[in-house]
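Let's take a friendly tour of the pockets in this model. Have the sequence and the 3D view ready as you read.

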Amino acid sequence: VLALRSEAVKKGKILPVHRNVCNFLIETGQSIPLDDKHRDMRKKLGLRIDEASRKKALKEVKALLGSTGFEELIKK
Amino acid sequence: MRKLSLFTGCLIPNRYPGIEKATMLVLERIGIKCSELKEAACCPAPGIYRSFDNITWLTLASRNLVLAEEKGTDILTICNGCFSSLMDANNILKTDAGLRNEVNAHLQKIGKEYRGTIEVRHIIEFLHTDIGVNKLGDAIEKPLEIRAAVHYGCHLLKPTRERKLGSAQFPVFFDELVEATGAKSVPYEGKTSCCGAGGGVRSAMLETSFKMTEYKLDRIQKAGVDCIIDTCPFCHLQYDAGQIELEKSGKYYDIPVLHFTQLLGLALGFTPDEVGLHLNEIVNLKFEEKIAQIQKWY
């Protein structure tokens, strides 16, 4: 199943919803990005948001996604 | 005991932060030192990325593993999907030199190298194996006399050969932890079947995914429980937000959904708000009153 799905992706056969999830990863380093509602929830719970840590993670993830060719694969 | 770094993933900090808060509270209360894994990114989720491109999946997972290697800690996960991706990738890279070299060629571009020096743990198997049911039971301050439907989730149990946690058909370790809090784990039909969320099904085939959730919720409701206890935020989302969706088709459940760390938090004396139950979609005030009454007795 994994191999079949991988072959389909190579041919550009990706459902729009799955492509969206992949784009979240490319743009934020996370598959489910933080939104304002949940940012507020975190503050109310006293949970910090380490922006510097997230920024560094994104920079490295982007470099790796470029290196493996994933970004190009998703944009096909 | 080896040092641990907490890997929270995407869904918990960004959709269910109450689970993160509860986890931090209970780990501190029972004396487990566990620091945040800074600079971590998506695990990445096994359902989509592993099937889309194996090398990308391995490379991103290995970056998270390397962060822990650099700290000299094991990784503690509180999500079945993160556990699956990180544990499976770790096992593959430890044993397949070809893939390890390929991944390291990518990692080299960000100045990192995977060495294979750490282990990936899931909080349920960690608590069961390293702390133990009896010791956890001794720490309980407010034994919760409630009836719970335990949901293991697929990635915690399977593949059984990799997980080494016993039977995937009739598992007991999670039930034992739940019962250590004073709750009764109530048997129900279809207990080990999928919640309907995983494998990219929720995002791609929402209606089918909710049919699976409805199947589970019907049987859980029939068993007569106070709450559902899970150990994965994706299952959590499916049961919690899924109940709201199913209300549109006339199905009414109103069953509170708790991650195990939230249940443990209540049994340790934290309030429902402190463990973030008020941030769920399903907020059942009768359940919260019952917990408050139990907590007052002790």
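## Ground rules

Helices (H or I, at least four residues) and strands (E, at least two) are DSSP runs, numbered from the N terminus. This is a predicted model, in which local features need pLDDT of at least 70, side-chain atom pairs count only at pLDDT 80 or more, and totals for chains, interfaces and linings use all residues. Residues are numbered from 1 along each chain as its sequence is written, and side-chain values use heavy atoms, with hydrogens and water left out.

A pocket is, on a 1 Å grid over the protein atoms alone, an open set of points where a 1.4 Å probe fits, with protein on both sides within 12 Å along at least five of seven lines; lining residues have an atom within 4 Å of a point. Grid points are joined across faces, edges and corners, and a volume is the space filled by probe spheres set on them.

## The largest pocket

The largest pocket has a volume of about 850 Å³. Its lining has 37 residues, and Ile32(A), Leu11(B), Ala45(B), Phe234(B) and Leu237(B) are the closest to the centre. H14(B) gives the largest share of this lining, four residues.

By type, the lining divides into 24 nonpolar (Ala, Val, Leu, Ile, Met, Phe, Trp, Tyr, Cys, Pro), two charged (Asp, Glu, Lys, Arg) and eleven polar residues (the others, Gly among them).

## The second largest pocket

About 510 Å³ of space lies in the second largest pocket. Among its 26 lining residues, Arg42(A), Thr8(B), Glu20(B), Glu36(B) and Leu37(B) are the closest to its centre. H2(B) provides the largest share of the lining, four residues. The lining divides into twelve nonpolar, five polar and nine charged residues.

Methods
Chains are lettered from A and ligands numbered from 1 in the order in which they are written.
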